[in-house]
Amino acid sequence: YILPYFEDKTLEQIDKKFVLSWASEINSIKHLSNRTKNDITGLLKFIFAFGDIELDIPKNPTRAIRALPERSKKYRILTRDEFKKVMTHISQEDEEEFLWLVFFSVLFNSGARRGEIQALKFSDLNFESKMIRIDKTYSSKHKNKNEPLKHPKTESSVRTIPLDDNTFQLLRKVYERRIDDKNFSRDNFIFRRPDNPSLPFADTTVERRKNILIRESKVPHFTVHDLRHSHASELI
């Protein structure tokens with residue numbers, strides 16, 4: 001978004017008129033959010049700010065660029081009663097269904113991100129302290145589809161989370177049911193796909209399962225990430 005417009009221009013050619021024309025073209029791209037557009041124009045402004053400070057360039061035409069308004073995200077906070085109502089629509093008898101109950105319960109009661117819970121392995125469970133270790137996240141957009149794990153979002157995202165007794169007991173039940181599998185390994189994903197045990201739950205499947213539960217329970221719509229905010233609100 002920047003280089004094709006500026007790489008053949010001299011500093012003398014990059015005046016206020018040229019910069020504003022470029023910013024107008026960026027702002028007209030329909031598939032980009034205002035936040036992304038601001039990131040793009042902000043990067044150019046940063047480049048010129050660096051040139052102003054470090055290279056003493058004679059002018060900074062990017063000061064004329066104004067940021068676009070960004071829509072603030074609205075979160076829906078689920079109460080514990082609402083969450084329990086949603087969970088009553090999952091059968092605990094069927095092993096595959098039970099795994100979904102555990103998945104959403106860990107999300108709600110840990111405050112972890114969806115990808116972090118998808119990436120959980122049995123080796124991340126500490127049965128003595130009833131804690132889970134978060135040191136990786138699952139990404140469906142990872143270039144290597146056979147190894148779809150990457151480092152968490154930030155350095156501070158590597159952490160150990162204590163769980164309440166009930167939630168950890170659910171994880172223990174999954175472990176006890178799985179340990180008799182001849183191919184069991186502590187390096188296995190806890191929330192594995194039925195059709196491909198070497199991969200965790202897919203993002204699309206998580207969304208579809210969540211939306212089915214919303215329809216069945218008649219609870220107002222929420223996103224998977226709302227469970228993280230719900231947990232934080234409950235902690236407060």
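I started with the open sheet: 3 strands, order 1-2-5, antiparallel pairing. Strand 1 (125-126) and strand 5 (159-162) are the edge strands, and each pairs on one side only. I took strands (E, at least two residues) and helices (H or I, at least four) as DSSP runs, numbered from the N terminus. Two strands pair if DSSP finds at least two bridges between them. The model is predicted: local features need pLDDT of at least 70 and side-chain atom pairs pLDDT 80 or more, while totals for chains, interfaces and linings use all residues. Residues are numbered from 1 along each chain as its sequence is written, and side-chain values use heavy atoms, with hydrogens and water left out.

Next I looked up the link from strand 1 to strand 2 (residues 131-134). The two run antiparallel and are joined by 2 bridges. Asparagine 126 has methionine 131 of strand 2 as its bridge partner.

**Aspartate 124**

I found aspartate 124 in the loop between helix 6 (114-118) and strand 1. Its relative accessibility is 6%, so aspartate 124 counts as buried. Buried means under 20% relative accessible area, exposed over 50%, partly exposed in between (1.4 Å probe, protein chains only). I then listed what aspartate 124 touches, leaving out residues up to four places away in sequence: Ala119, Met131, Ile132, Arg133, Asp135 and Lys136. Contact here means heavy atoms within 4.5 Å.

**Cores**

I used this rule for a nonpolar core: buried Ala, Val, Leu, Ile, Met, Phe, Trp, Tyr and Cys residues joined through side-chain atoms within 4.5 Å. The largest one has 40 residues; Phe103, Phe104, Ile117, Ile132, Leu171 and Phe191 touch the most other members. Elements giving two or more residues to this core include helix 4 (80-87), strand 2 and helix 7 (165-178). Helix 5 gives the most, with 10 residues.

I checked phenylalanine 191 separately. Beyond its neighbours within four places in sequence, phenylalanine 191 contacts Leu99, Val102, Phe103, Val106, Ile117, Leu120, Leu171, Leu199, Pro200 and Phe201. Another core lies apart, with 14 residues, among them Ile14, Leu32, Leu44 and Ile57.

**Helix 5 and helix 9**

I looked at how these two helices meet. Their axes come within 6 Å and cross at roughly 45°. Axes are lines fitted to C-alpha atoms over the stretch in contact, with angles from 0 to 180 degrees between N-to-C directions. Helix 5 is therefore oblique to helix 9. Under 35 degrees counts as roughly parallel, over 145 as roughly antiparallel, 65 to 115 as roughly perpendicular, the rest as oblique. Helix 5 brings Phe104, Leu107, Phe108, Asn109 and Ser110; helix 9 brings Val224, Leu227, Ser230, His231 and Glu234.
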